[in-house]
Amino acid sequence: MIRVERRLTQPKWLMFAVPIGSVVVAFGVMTLVLLVTHHSPGHTFLRLFETAFVGRQSLNATFVSATPLLFTGLCAAIAFRMQIFNIGGEGQLYMGAILGAAAGIAVGNHSGWVSIPAMIAAGAVGGAAFALIPAILRAFLSTNEIITSLMLNYVGALVINYLIFDSQSYWRDTSSPTAKVFPQGKSLPAAASWPVAHVGALVLPFGLIAGAVIAVVIWVLYTRTRFGFEVQVIGDSPRAASYAGMRTRRKILAVMALSGAVAGIGGASQDGDFRHTLDPRGLTSAGYGYAGIVIAALARYNPFAVCLVAFLLGGVQNAGYALQGADFPSGLVGVMQGLILFCALGGELLIRYRVRFARGTRTSEAVA
Amino acid sequence: MVAAVELRAITKRFPGVVANDRVDFEAAEGEVHALLGENGAGKSTLSNILTGLYRPDDGEILIRGAPVSFHAPRDALDAGICMVHQHFRLVPPFTVAENVILGDHRGEGKKLMVHPRRIERQVAELGERYRIAVDPRARIWQLSLGEQQRVEILKALYREARILILDEPTAVLTPQEASSLFETLRVMADEGRTIIFISHKLHEVKAVSDRVTVLRAGKNVDTVSTKDATLRSLAALMVGREVAMANRVERETGTGEPVLEVRDLWGAGDRGGDALRGVSLTVHCGEIVAIAGVAGNGQRELAETVTGMRSASRGDVAVDGRRLRSGDAREAIRAGVAHVPEDRLHTGVAPSLSIAANIVLKSYRGSENANGPLLKLRAIREHAARLIHRYDVRGGSPELPARQLSGGNLQKVVLAREFHGAPRVLVVASPTRGLDVAAIETVHRYLREAAASGVGVLLISEDLDEILALADRIAVIYEGVIVGERDAGEATVEEIGLLMAGGQSE
């Protein structure tokens, strides 16, 4: 008989052994898939690794892929820490992108010193406002935030598509003749382009640096402040929190707003760093918000680990684009990415639970 | 005549507790046999053994004279033993008929196709015969708790149970529903079934049973015939005579100013209805006032309302003459109300957080632990280390997650935190439940010290020994009302026991 039991203690060595083991298993299964489809595993893995992490160009492309993942990963980690499951990073990112683009257009082409802070602030407000909808429902009506925030992702996608494709909105480019036939967003003014930092041969997007700073801020907030202390207590035992006189509702609102704001800045970074226009098609097809949930889970909600995991997954994603071609279908790339995620998340279970292959005796009796 | 069911020298140990210590029990066919005892006396463990949920460490179970060994609840069901649990095992969106066949692995419930009409007819017939009619097509969530209990009994009847165990069946019933339940039980017994009736309410036991087996602290004290027993003699058996004043430590009770005043407090319970129905009491400085009562008579609601974790629907709580805002735990803490909650692992501490975090659970906002929004982590750790040392928390270090402590040491962490806040009032609920003797003494010593230093202590406990050992004044709560108040010196165990069980003292 196979029994799955909850571990009472989680040995330190497992924390390292399980993630490494998971990746090994993922590559093992992938080897089989590649052999069956007549590809050389060694060659493929080597190319994967090279296009993700070796060389100036690969790393720069990986930074670009990792930037939005960093924001959505932090967004999920912030909320999950308090056991508030904000699945709405996707929609909050759209809202940030919408308001961020509006701010960039509205400020006009004066100076980056005005445009960039305005875009960041607008993006944060957009994401936070959108996150507050499930937060208020949760805090005052005990509505399940997983469902409400998930559903709002679809609302967000419809809104952003509507603004460009189905209306003559502020964001839509209606000036040029081609834009009338093929709807597209207005180009942001040059001042609304976010700068990059050159470190040696590496090019770091401004958004990536901002995300890293936010990660540090979140870490300090959650480990060094009264606010973070309350979040930890509420996350661990809501009853203990109410016993200690903590205001749980306010904390739900604050944490969700913070979480949404970070995703919203991620949306603004898409406008400012990379796309320079409100790009519904690109944003809604990327699935940054959902990837962020996976990243937060793999990082065990630790903001620094989120940075690392976002970088690694960014690399895999970037390598995926590079790998696919005539002899390597994009579906296979998807299978590979999926396998890595699946094994990594599956491995998580082994940290918290243990599998025993023994004839079961009752072990979970309690004094009744 | 062979007994329908017999337990011989059943022993069941749990870590740190002997829940059943060589218990003998025997019930005949056609008998309503009451199992009487306080909370923690071992009644539930015994019934769980009888229904195959636990396996005894030692001892024998005989059904109609034949030894049996239950490996799972299903074995007990096959032997004709059914149990009506205190918390019903029903599926709310399903109909009555569906619930009745659910899990009946011998008959209809096992088939791929069910015939709802036929089952509904059978259920309706059973309901009529035993005067517990419930609409078989109604869904469980539409039913009152009393009707849900009928469904549980119908389930047992449908399975042709020969032995029916009811665990505190009247806890959820109105007096009218209870007396109609008693009639049904009588009908079932007259058919030759065996009814085992678990309760700690004396007058019910007296009203319904033929014989009573009394358990106390895991041992069976006696089995008596109901008609020879009086409420008073049963109460004495249940709480034990010898407890009396043995553990009492006399101390100065320089009763001072009233520090906690509760006036006409009403409040809703978790199961709907009013759990508190006009409680009034006063605790003075340096005094220990105990609330005695059987579990579920409003004690938890009282503790939580006084400490602000729960809102009152009427009435108020005042500390040092100042009224507290109802349902505001932070204000209660600020006013000096310390609270040692009943559920120490999930309410008293945040179990996965460190001991240090739990020690400052209420004081993290104060200037000694925080500098504006920033926590003073080192000061907190040092403070925790000092308290761990002073309160002798064995195996504790500031970084250790609280849940890794044993019950007694965990309680020391809670006490350390609560005492350190220099409280005016201390609300303590079941502070020694599940603790070993040494830990109990430590906790009692701390409570006495607190009172000696002028704190008003409100002790809520189901353990009469504890109450008699500590209290200056004893108030008995029954169904949300204080039904009697005695000075500890003039109270007798029998009288308190009688009040606890809803009897009137004369």
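B:Glu160 sits in the loop between helix 5 and strand 7 (163-167) of chain B. The model is predicted.

- B:Glu160 counts as exposed because it has 11 C-beta neighbours inside 10 Å, and the cut-off for exposed is 12 or fewer.
- B:Arg131 lies in the loop between helix 4 (116-129) and helix 5 of chain B.
- B:Arg131 is not a glycine either, yet its phi is positive, at about 55 degrees.
- With 12 C-beta neighbours inside 10 Å, B:Arg131 also counts as exposed.
- Most residues other than glycine have a negative phi.

**Helix 5 of chain B**

- Helix 5 of chain B covers residues 145-158, which is 14 residues.
- From first C-alpha to last, helix 5 of chain B reaches 20 Å, close to the 20 Å expected at 1.5 Å a residue.
- Ten of the 14 residues of helix 5 of chain B are buried, so the helix is largely enclosed by the rest of the structure.
- The buried residues are B:Gln149, B:Arg150, B:Val151, B:Glu152, B:Ile153, B:Leu154, B:Lys155, B:Ala156, B:Leu157 and B:Tyr158.
- B:Leu145 belongs to helix 5 of chain B and is partly exposed, with 15 other C-beta atoms within 10 Å.
- B:Leu145 and B:Ala171 are separated by 26 residues in sequence and by 10.0 Å in space, C-alpha to C-alpha.

**Helix 3 against helix 8, chain A**

- Helix 3 (residues 56-80) and helix 8 (residues 206-224) of chain A have axes that come within 9 Å and cross at roughly 25 degrees.
- That angle makes helix 3 of chain A roughly parallel to helix 8 of chain A, because angles under 35 degrees count as such.
- The crossing of these two helices of chain A is left-handed.
- Helix 3 of chain A contributes A:Phe63, A:Ala66, A:Thr67, A:Leu70, A:Phe71, A:Leu74 and A:Ile78 to the contact.
- Helix 8 of chain A contributes A:Gly207, A:Leu208, A:Gly211, A:Ile214, A:Ala215 and A:Ile218.
- By type, the residues of this contact are ten nonpolar, three polar and no charged.

**Helix 3 against helix 14, chain A**

- Helix 3 of chain A packs with helix 14 (residues 303-323) of chain A at an angle of about 140 degrees, their axes 7 Å apart.
- Helix 3 of chain A is therefore oblique to helix 14 of chain A.
- Helix 3 of chain A passes helix 14 of chain A in a right-handed crossing.
- Among the contact residues are A:Ser65, A:Leu69 and A:Gly73 of helix 3 of chain A, and A:Val306, A:Ala310 and A:Gln317 of helix 14 of chain A.
- The residues of the contact between helix 3 and helix 14 of chain A comprise 13 nonpolar, seven polar and no charged.

**Contact between chain A and chain B**

- Chain B gives 30 residues to the contact and chain A gives 18.
- On the side of chain B that touches chain A, at least two residues each come from strand 2 (17-27), helix 1 (43-50), helix 10 (329-334), helix 11 (344-348) and strand 18 (374-375).
- That side of chain B has 20 nonpolar, seven polar and three charged residues.

Definitions and conventions:
Residues numbered from 1 in each chain as written. Chains lettered and ligands numbered in written order. Predicted model: local features only at pLDDT ≥ 70, side-chain atom pairs only at ≥ 80, totals over all residues. Axes fitted to C-alpha atoms, helices over the stretch in contact; angles between N-to-C directions. Helix = DSSP H or I, 4+ residues; strand = E, 2+ residues; numbered from the N terminus. Parallel < 35°, antiparallel > 145°, perpendicular 65-115°, else oblique. Left-handed = near helix turned anticlockwise from the far one by under 90°. Contact = placed C-beta atoms within 7 Å. Nonpolar A, V, L, I, M, F, W, Y, C, P; charged D, E, K, R; others polar. Expected span 1.5 Å × (residues − 1). Buried ≥ 20, exposed ≤ 12 C-beta atoms within 10 Å, placed from the backbone.
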